[in-house]
Amino acid sequence: MAEPRVSRRDFLRLGLLLPAAGPLLSTLAACAKKPAERVVNFFNWSSYISKEALPGFTAATGVKVNYDVFADEEEMFAKLRSGAMGYDVIVATDYLLPRLRGSNLIAPIPMEDLKNLSNLDPKFLHTPYDPEQRFSVPYLWGTTGIGFNKKLVAKAPTSWWDLWDERYKGRICMLDSPRECIGTALLLKGQPETTTDEKDFEAAKELLLKQKPLVKQYTSATYVDALVAGEAALAMAYSGDVLQAVKENPHLDYALPKEGGYMWVDCMCVLRGAPHLADSVALIDYLLRPDVAAGICNAVHYASPNAAAQPRIDPAVLKDKRVYPPAAVVKNLRYHTPPDPEAYVLWNQTWSDVKAL
Amino acid sequence: MEPDLVRRQGALDRGLSWLIRGQRPSASHILLAPATLWLLAFLILPVASLLSLGFTHRGPYGAFEWVFTWDNFRRALDLKYLPILIRTVCYSGATTALCLVLGYPLAYFLSFQAGKRRDLYLALLMIPFWTSWLVAIYSWIIILGREGLLNGLLRALGLPPIAFLGTSFSVILGLVYFYLPFMVLPLYASLEKIPRSYVEAAHDLGAGNVEAFLKVTLPLSLPGVLAGCILTFIPCMGDFLCADFLGSPRTYLVGNLIQNQFLMAQDWQFGSALTSLLLVFLITGLYARHRFEEQGLFEESE
């Protein structure tokens with residue numbers, strides 16, 4: 001289940017701590033740790049790993065994993081930038097990589113130490129977001145589309161415009177994410193994501209503000225709960241989140257809109273100055289093992305970039321077009337374009353305004 | 001209030017005199033040192049850094065660049081944010097009023113009627129306050145939801161379900177739930193201080209229950225009313241959890257706008273400017289109250 005997104009404690013910590021206090025605190029925390037115990041601090045999306053993976057790693061290597069989750073990548077970025085967290089390995093979306101590098105938060109991974117790297121499908125290596133394959137190792141991939149409750153909609157959604165349908169007023173959830181919402185609005189307006197024209201952002205804002213009276217909540221964390229509980233009929237959603245929740249509510253389903261959706265690859269990265277580098281690399285290598293990668297894919301219903309794992313993945317998952325869309329659909333999917341710093345300001349201010357106005 | 005303030009200023013003066021005039025440290029310096037250091041390290045410095053951040057330029061991806069600019073304040077003073085401020089003031093005002101209406105009789109009961117059971121009742125008042133906010137908020141979601149307990153009751157009675165969640169009602173309900181103790185405790189403290197002999201004297205002089213309450217108890221409890229209102233109103237102005245979890249996109253408050261700058265937009269500079277303006281707004285309010293008090297609005301209560 002999704003984790004609660006914000007805690008008062010987090011906000012106080014971010015808002016009131018001096019930026020300079022961060023490194024100091026992490027040093028203190030490091031000193032307090034017993035030197036004998038080997039640990040890796042792993043920061044991942046919520047509902048994004050199998051139950052067996054981490055205990056299996058500890059059993060195989062004797063290294064303990066401190067596992068923390070986030071439901072919101074921007075919040076994760078804010079936490080990393082405030083510097084007080086002491087994580088070793090994080091999972092970040094392709095889109096976030098340039099910003100993590102630009103903010104000097106991630107370090108090159110010694111790829112030669114990853115014996116299982118060759119298990120990966122080569123099309124996920126040397127990608128535009130990491131052309132030299134130095135900073136990231138693909139973990140899972142998935143799509144952004146529409147999750148819905150079959151009992152609460154007249155017919156299954158086929159278009160992004162179904163999220164603008166007046167009939168579902170107050171029962172639509174949108175991801176609290178500038179990338180997904182503005183990206184979709186630009187797509188519907190026929191504008192490329194690479195635009196830096198303020199007029200395009202103004203038009204995207206208008207479109208989202210037109211939808212706002214229908215929106216129940218902008219949330220990346222609780223939309224699955226809302227779908228399961230029948231509070232929401234439709235939600236902009238990440239594929240696996242909805243498919244995992246089918247266990248709790250069999251009426252849930254997921255669709256990719258005909259206009260095309262977004263796909264993304266979540267990658268494992270090592271933080272700059274990670275206190276446990278060697279064990280971090282061991283963890284990444286372990287997660288690339290075919291049996292482990294297949295176990296994760298079976299548990300979370302996101303697609304695995306691990307070619308060697310393919311035979312071990314549950315055929316029902318492998319054949320599920322919502323997990324592994326057919327080639328014709330994939331052709332219609334696109335990656336988000338990471339904005340440069342100036343465009344990034346436009347994206348964020350537009351999103352801040354959509355929520356505030 | 002006044003002599004208290006003078007006393008505090010005197011203490012501060014003495015505390016600094018050691019540094020300024022080279023006097024030998026005395027007991028008061030040693031006693032004051034931990035609190036002074038604490039305040040300096042965990043209040044003054046962070047607030048100062050937050051305030052100064054509001055005057056700086058936003059670097060790439062929100063990095064700190066210590067270059068002076070007014071831009072953040074110019075953006076923060078944009079009229080498009082006025083509706084959010086008005087909404088926040090309305091919600092906080094409504095919460096404060098509701099807390100007062102609910103809290104005064106409660107505090108009165110605790111102070112005058114509860115007798116031996118008072119400690120038990122006070123504990124009952126505090127227990128919800130000790131639970132985690134998130135647990136409490138999720139409990140309210142379970143109660144108020146479309147398929148929740150309250151709607152289950154309505155359905156059992158043959159009534160149509162009502163959308164409680166995502167409305168001003170649910171947000172204010174959450175705020176009242178959380179901030180009621182902030183109202184009740186100062187009220188209780190001030191009612192508790194009223195010498196019972198004053199009320200008896202009023203009765204002896206022929207006042208009925210109502211008259212004695214209106215002429216003696218109520219005026220004497222006004223400082224508590226004021227303290228309770230301030231203690232409720234101010235944290236309400238910065239609350240964002242209730243609006244986030246119990247509200248909808250249409251119940252967006254100043255707290256949400258500020259939170260968004262820090263966690264989502266990576267625009268701490270703008271968030272700092274908004275925070276500074278909220279602080280100025282609240283401090284102006286407190287100062288105005290102080291001036292009113294000086295002019296003797298509450299003279300009869302002193």
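A kink of about 45° lies at Tyr179(B) in helix 8 of chain B, shortly before the proline Pro181(B). The bend at a residue is the angle between axes fitted to the seven residues ending there and the seven starting there. This is a predicted model, in which local features need pLDDT of at least 70, side-chain atom pairs count only at pLDDT 80 or more, and totals for chains, interfaces and linings use all residues. Residues are numbered from 1 along each chain as its sequence is written, while chains are lettered from A and ligands numbered from 1 in the order in which they are written.

Me: What distance does helix 8 of chain B reach from its first C-alpha to its last?
Reply: Helices (H or I, at least four residues) and strands (E, at least two) are DSSP runs, numbered from the N terminus. Helix 8 covers residues 168-193 of chain B, 26 residues. The expected span is 1.5 Å times one less than the number of residues. That expectation is 38 Å for helix 8 of chain B, and the reach in the model is close to it, at 37 Å.

Me: Is helix 8 of chain B largely enclosed or largely in the open?
Reply: A residue is buried if 20 or more other C-beta atoms lie within 10 Å of its own, exposed if 12 or fewer, and partly exposed in between, with C-beta atoms placed from the backbone. In helix 8 of chain B, 19 of the 26 residues are buried, so the rest of the structure leaves this helix largely enclosed.

Me: In which sense do strand 1 and strand 2 of chain B pair?
Reply: Two strands pair if DSSP finds at least two bridges between them. Thr56(B) stands opposite Phe68(B) in strand 2 of chain B. Strand 1 (residues 56-58) and strand 2 of chain B have 3 bridges, and the sense is antiparallel.

Me: With which residues is Arg58(B) in contact, leaving aside its neighbours within four places in sequence?
Reply: Arg58(B) lies in strand 1 of chain B and is buried, because 22 other C-beta atoms are within 10 Å. Contact requires C-beta atoms, placed from the backbone, within 7 Å. Beyond the excluded neighbours, the contacts of Arg58(B) are Asp267(B) and Gln269(B).

Me: Which helix of chain B gives the most to the side that touches chain A?
Reply: The contact takes 36 residues from chain A and 32 residues from chain B. Helices 2, 6, 11 and 12 of chain B each supply at least two residues of that side of chain B. The greatest contribution, 6 residues, comes from helix 12 of chain B.

Notes
Two residues are in contact if their C-beta atoms, placed from the backbone, lie within 7 Å.
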